Amino acid sequence: MALILDGKTTAAAWRAELAAEISALKAAHGIVPGLAVVWVGENPASAVYVRNKGRAAEEAGIRSSLVHLPESASQHELESTLDRLGADPLVHGILVQLPLPPGLAAEAAQERIPPAKDVDCLHPVNQGLLALGRPRFVSATPLGIVELLRRYAVPVSGAHAVIIGRSAIVGRPLAALLSRRGPLGDATVTLCHSRTRDLAAIARSADILVAASGQPDLVTAAMVRPGATVIDVGINRVPAPGTPSGSRLVGDVDFAAVAAVAGAVTPVPGGVGPMTIAALVHNTVAAARALAGAGTSRAAATAGGAHVSAGGR
Ligand code: NDP
């Protein structure tokens with residue numbers, strides 16, 4: 001039976017460390033990191049994510065604010081809001097909750113966020129720096145995954161990492177991060193997508209298999225090499241007749257079958273999700289430090305990349 005990579009407990013420990021760092025930042029420099037989450041419309045899944053992010057940030061000592069715009073908000077209103085937050089010295093991190101309602105352009109909105117406050121790492125400048133192997137920020141989900149691997153001492157250097165999914169928020173930045181030179185990287189990465197030929201054979205060659213496709217049960221036991229580490233990023237709501245809500249959350253991995261083959265696997269929920277939220281807290285602290293000229297944390301500095309590592313390396 002595979003080792004369960006417990007994202008919930010690991011994220012709680014990480015957030016506690018970040019809370020201590022925030023207290024120290026406040027004591028030494030008088031800085032309280034500020035995070036603004038911009039949410040447009042009423043998407044129910046987004047409501048949960050926005051609430052969880054705000055709660056986690058506040059529990060760590062971050063000053064968090066939710067800017068909620070109506071479904072009818074125009075692109076101009078959204079961008080004016082981002083301009084205002086960009087100019088606010090008490091706001092160090094800004095993120096726009098996706099998806100946006102139809103008619104609003106997410107990319108134009110991301111580009112309106114000053115790169116130094118872009119804690120979701122979606123601004124082209126930050127994506128470019130990451131692609132060059134010298135990240136300023138790393139999107140929260142890839143950072144959370146790498147931090148989970150690090151805390152469970154999963155060997156990454158020299159490993160074959162296969163990532164299923166090439167989105168700008170998960171697969172692509174994770175590929176850049178794992179393949180970069182140095183700590184937390186040095187993997188050989190294969191980035192797969194819906195046009196990949198013989199996905200099963202490629203997946204079976206992975207030491208680390210990351211599923212970020214949004215397809216329930218895409219990864220079966222037959223696609224996993226015995227002993228491999230499997231990271232399930234997917235969050236999919238599927239019908240569950242007979243349950244009170246009539247649905248349940250599953251990942252992209254057939255968890256029960258894969259757990260019998262893999263060396264380690266993340267559960268859904270309780271795996272990558274909580275690590276993503278802790279990574280957002282980490283990025284906000286890093287942004288506050290950088291904007292205030294307070295230097296990087298000891299751990300980030302020794303990791304050799306501005307804000308990449310969260311601790312202990
Ligand atoms: P996207 O829809 O943007 O990207 C999905 C990717 O998977 C695409 O590259 C797509 O290929 C690929 N794909 C889809 N079907 C297949 C298939 N059958 N075989 C191979 N590749 C396939 O999704 P996101 O990256 O935004 O999210 C992925 C999943 O992760 C979702 O379930 C989402 O809810 C979840 N998520 C979870 C987070 C967390 O914190 N745990 C954070 C972010 C996302 P192509 O490019 O060819 O279309």
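Partly exposed means a relative accessible area between the buried class, under 20%, and the exposed class, over 50%. The legends below use that term for a predicted model.

**View 1**
Arg112 has 36% relative accessibility, so Arg112 counts as partly exposed. Glu79 is buried, because its relative accessible area is 14%. Asp83 is partly exposed, at 34% relative accessibility.

**View 2. Arg225 and Asp207 join two loops.**
Their side chains meet in a salt bridge, with 2.9 Å from N to O. Arg225 sits in the loop between strand E7 (208–211) and strand E8 (229–232), and Asp207 in the loop between helix H8 (199–204) and E7, so the pair ties together parts 18 residues apart in sequence. Arg225 is partly exposed, with a relative accessible area of 31%. Asp207 is partly exposed too, at 29%.

**View 3. Glu17, Glu147, Arg150 and Arg151 form one network.**
Salt bridges that share partners join these residues. The structure holds seven salt bridges.

**View 4. The ligand sits among 22 residues.**
The closest are Arg166, Ser167, Ser194, Ile235 and Thr276. A polar side-chain atom of Ser194 lies 2.5 Å from an oxygen atom of the ligand. Thr276 also places a polar side-chain atom 2.9 Å from a ligand oxygen. Val233 uses its backbone: an N or O atom there lies 3.3 Å from a nitrogen atom of the ligand. On its own, the ligand has 930 Å² of accessible area, and the protein covers 68% of that. Helix H10 (residues 272–291) gives the most to the shell, with three residues. By class, the shell has nine nonpolar, 12 polar and one charged residues.

**View 5. Four residues make a nonpolar surface patch.**
They are Val48, Tyr49, Ile235 and Leu249, and the patch is about 290 Å². Leu249 lies in strand E10 (residues 247–250). Leu249 counts as partly exposed, because its relative accessibility is 32%.

Note on methods. Residues numbered from 1 in each chain as written. Predicted model: local features only at pLDDT ≥ 70, side-chain atom pairs only at ≥ 80, totals over all residues. Heavy atoms only, no water. Near = heavy atom within 4 Å. Polar contact = N/O pair within 3.5 Å; in protein donor to acceptor, adjacent residues only side chain to side chain. Areas by Shrake-Rupley, 256 points an atom, 1.4 Å probe, with all protein chains shown as cover. Helix = DSSP H or I, 4+ residues; strand = E, 2+ residues; numbered from the N terminus. Nonpolar A, V, L, I, M, F, W, Y, C, P; charged D, E, K, R; others polar. Patch = residues over 30% accessible without salt bridge, like charges linked within 9 Å, V, L, I, M, F, W, Y side chains within 5 Å. Buried < 20%, exposed > 50% of the residue type's maximum accessible area, 1.4 Å probe, protein only.
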